[in-house]
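Okay, hi everyone, thanks for coming. Let me put the model up on the screen, and then I'll walk you through a few spots in it.

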Amino acid sequence: MTTPTGTPESPGSEPSDSRSFTYRTGGGVTVERTAAPCDPETLTALVASVEHRRGGVLSSGMEYPGRYSRWHMGYVDPCLEIAARGRRVTATALNDRGRVLLPLLAGAFAEHGDADHRAGESVEVAVAEPAPGEFFTEEQRSRRPSVFSVLRSAVALFSAPDDRHLGLYGAFGYDLAFQFEPVEPVLERNPEDRDLVLHLPDAVIVHDRKRETCLRYTYEFTAPEVPGDHGAAGGTAARTTRGLQRTTEPTPAVRTAEVPPPPEPGSYARIVAEAKKRFVRGDLFEVVPGHRTYGACDSPARFYEHLRTRNPAPYEFFFNLGDGEYLVGASPEMFVRVSGSPGEGQRIETCPISGTIRRGDDALGDAENIRSLLTSAKEESELTMCTDVDRNDKSRVCEPGSVRVIGRRQIEMYSRLIHTVDHIEGRLRPEFDALDAFLTHMWAVTVTGAPKTWAMRFIEQHESTPRRWYGGAVGAIGFDGSMNTGLTLRTAHIRDGVATVRVGATLLHDSDPDAEERETFLKARALLETLALDEAADARPAEPAARPRPATEPAGAGMRVLLVDYEDSFVHTLADYVRRHGADVTTLRHGFDPALLDTLAPDLVVLSPGPGLPADFGASALLDELDARRLPVFGVCLGLQAMVEHAGGELLTLDEPVHGKPGRVRISGGDLLADIGQDGGFTAARYHSTYTTPERVKGFTVTAAVQDEGAAPVVMAVEDPAARKWAVQFHPESILTAGVGERIVERVLRMAR
């Protein structure tokens, strides 16, 4: 660290009123932490140091009760760095203090493959792809071998429930998602580009601006004996950091390179036009492609200070990642925040942002624009889809019934834009940790789209360059089991004096290509103006989830339910609804071996929604297998379409897709929806392009429909009670289906018995 005057701090120079605390980590490392008061201006000198040395500064320039608080913290000269290039993970000692800990990390890395040791300076392991025969359910997807498997072992070495500042700080790149979801890379990548850079700082300054305190936390480590560990000179490696210097080598000076030209006018609008075709087919509900703009930047530190002054945001950051690479940003959006004690129902929070309008000229203008934003059906649909996807992400790893929206369409004001924001929380199931929570949300629907996997494929196929850091996250993995990350939005990736700013817009079926292209440049202006290129603007939001109804009785108690995932972004919310009623749920992605039906012996099979058409997933072949075993089936959206088509019915395509919008469902009979809703119907969420009409249905009784003005009735529910088959076209798991959806799931479980 540096003192307020900017000179290096010598070990052991803490003031006499410093407070020490010693503890032992889960990996047997003895840690002595010292907390000493310091002047908040120390952080100003720290920012200047980070321009020339590895380190990071994180701050929050706005406060929102229960969501953000005004804090400021930073570090310089970390002792260790963990980086990933694809599936290769490297731990590097950045000074003698890091060399004390490197042998321990070598042991953690060796749990995941043959570790390559490099003369006491670094250790590397290549994480193998899962073996062809290795099987994972969807609930276990976050435990597939990946870079995060190595991170989990590294974090376990230093686990310490009573220390909330010690941890790994840095950046997570967009391509890490490809280790979680099956997205085939199309764009050419430089194999030396890093997808992950995390620092282990052993001195951290924390300014709590609410409590008006500023403390410097310094750490000394004593490592346990590691058999066969030897230093570079052949002697026994040092086991303690006490007395060793914190400084590291300066990073390369910022060099000036030529600033590339802006994107070709109309190029983004062409991507919008292509996306609209995918909406019509039903492949996508929304998608968020981006493109790059550029500016000159000769001082990342000065840029950071100006940016946080002119465009305050909840997640402001400045990282020197080494190798001449910097990230500077003022992101409006939380990605994933995990708090609480591991294994004890840790709290997961997200704040998706969707819905954007310009600031007014004054407070009256702001009020008028806020009114327009809140009454816009398009903006509400945008946020609804984001929130439904987010609730699904949480339902994969959260306690049944714990996922809820605690803030809906709340207004956040930025320098040039106004956003609507949802606040969503859930409680982790005890078998999962913060990294599971992080992985299952990767990446936010507000930077990808929905269904998420198909949206990421579209982005890979239509953007002109890899995203690198954009759309990923920055923040910290705490050794106390916590995690706090913001989305890498409104961010400049700086190299060789050139700041690359990537921006995107949320596209829907009714998006106007030219207007969406203009919006991307508006969003980029906040950073470009600060780089002295243009005028300022802001970023975008997402949406929250509905408060679940408490289960009244265990309708699914003792039942085994198989949920078939057709690559949809709402399947885990469906699973959560089923689990709330006591059933045991196993989720399998489509294409599994039919023999698993005999192994799992489900009491009910649920066919999930999904993009595309039933034929895209071979749904008919699975229905043949289910018929052969006389298994009860409940289909949702794509599931209904598959069941209707399999029985000889006909499917059609809507002239205009209905995605994330409410519809009034009218009940015409049957048992599934009897007495649900009022006045013979209820409001439900619709997400579909493909549909059928009553006269085109064969082998089922149509028991509900919705009819838009001037259009033919659209089938919303079918039943065949003798064969124990039921299906709905709407989404019972959406927040727009209110409390009705959970009652429908409960009734299916009872009828399936």
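Let's start inside, with the largest cavity: by class, two nonpolar, five polar and seven charged residues line it. For those classes, Ala, Val, Leu, Ile, Met, Phe, Trp, Tyr, Cys and Pro count as nonpolar, Asp, Glu, Lys and Arg as charged, and the others, Gly among them, as polar. About 120 Å³ of space lies in this cavity. Of its 14 lining residues, Glu181, Asp393, Arg396, Lys452 and Ser569 are the closest to the centre. Helix 7 and helix 9 (452-462) each put at least two residues into that lining. Over the whole structure, the search turns up nine cavities of 30 Å³ or more.

Before I go on, a word on where this comes from. It's a predicted model, so to speak of local features we need pLDDT of at least 70, and side-chain atom pairs count only at pLDDT 80 or more, while totals for chains, interfaces and linings use all residues. Residues are numbered from 1 along each chain as its sequence is written, and side-chain values use heavy atoms, with hydrogens and water left out.

Everything is on a 1 Å grid over the protein atoms alone: a cavity is a set of points where a 1.4 Å probe fits but cannot get out, a pocket is an open set with protein on both sides within 12 Å along at least five of seven lines, and lining residues have an atom within 4 Å of a point. Grid points are joined across faces, edges and corners, and a volume is the space filled by probe spheres set on the points. Helices (H or I, at least four residues) and strands (E, at least two) are DSSP runs, numbered from the N terminus.

Back to helix 7, which covers residues 377-395. How far does helix 7 reach from its first C-alpha to its last? The 19 residues reach 27 Å, close to the 27 Å expected at 1.5 Å a residue; the expected span is 1.5 Å times one less than the number of residues. Helix 7 is mostly covered, with 16 of its 19 residues buried. Buried here is under 20% relative accessible area, exposed is over 50%, and partly exposed is in between (1.4 Å probe, protein chains only).

Now for the open side of things, the largest pocket. Its volume is about 1,000 Å³. There are 39 lining residues, and the closest to the centre are Trp71, Met73, Arg164, His165 and Asn484. By class, the pocket lining divides into 17 nonpolar, 12 polar and 10 charged. Which strand gives the most to this lining? That's strand 23, with five residues. Other strands that supply at least two residues include strand 4 (71-76), strand 9 (167-172) and strand 24 (483-487).

The C-alpha atoms of Arg164 and Ser339 are separated by 9.9 Å, though the two residues are 175 apart along the chain.

The peptide bond from Met442 to Trp443 is cis, with omega near -20°, and Trp443 is in the loop between helix 8 (434-440) and strand 22 (449-450). Ala450 to Pro451 is cis as well, with omega near -10°, and Pro451 is in the loop between strand 22 and helix 9.

Then two residues with a positive phi. Asp323 has one of about 55° although it isn't a glycine, and Asp323 lies in the loop between strand 15 (315-320) and strand 16 (325-331). Is Asp323 buried or partly exposed? Partly exposed, at 40%. Arg468 also has a positive phi of about 55°, in the loop between helix 9 and strand 23, but Arg468 is buried, at 18%.

Strand 32 (residues 681-691) is still mostly covered, with 10 of its 11 residues buried. Strand 31 (residues 652-667) runs antiparallel to strand 32 over 10 bridges. Among the bridge partners in strand 32, Ala684 goes with Gly663 and Ala685 with Pro662.

Note on methods
Two strands pair if DSSP finds at least two bridges between them.
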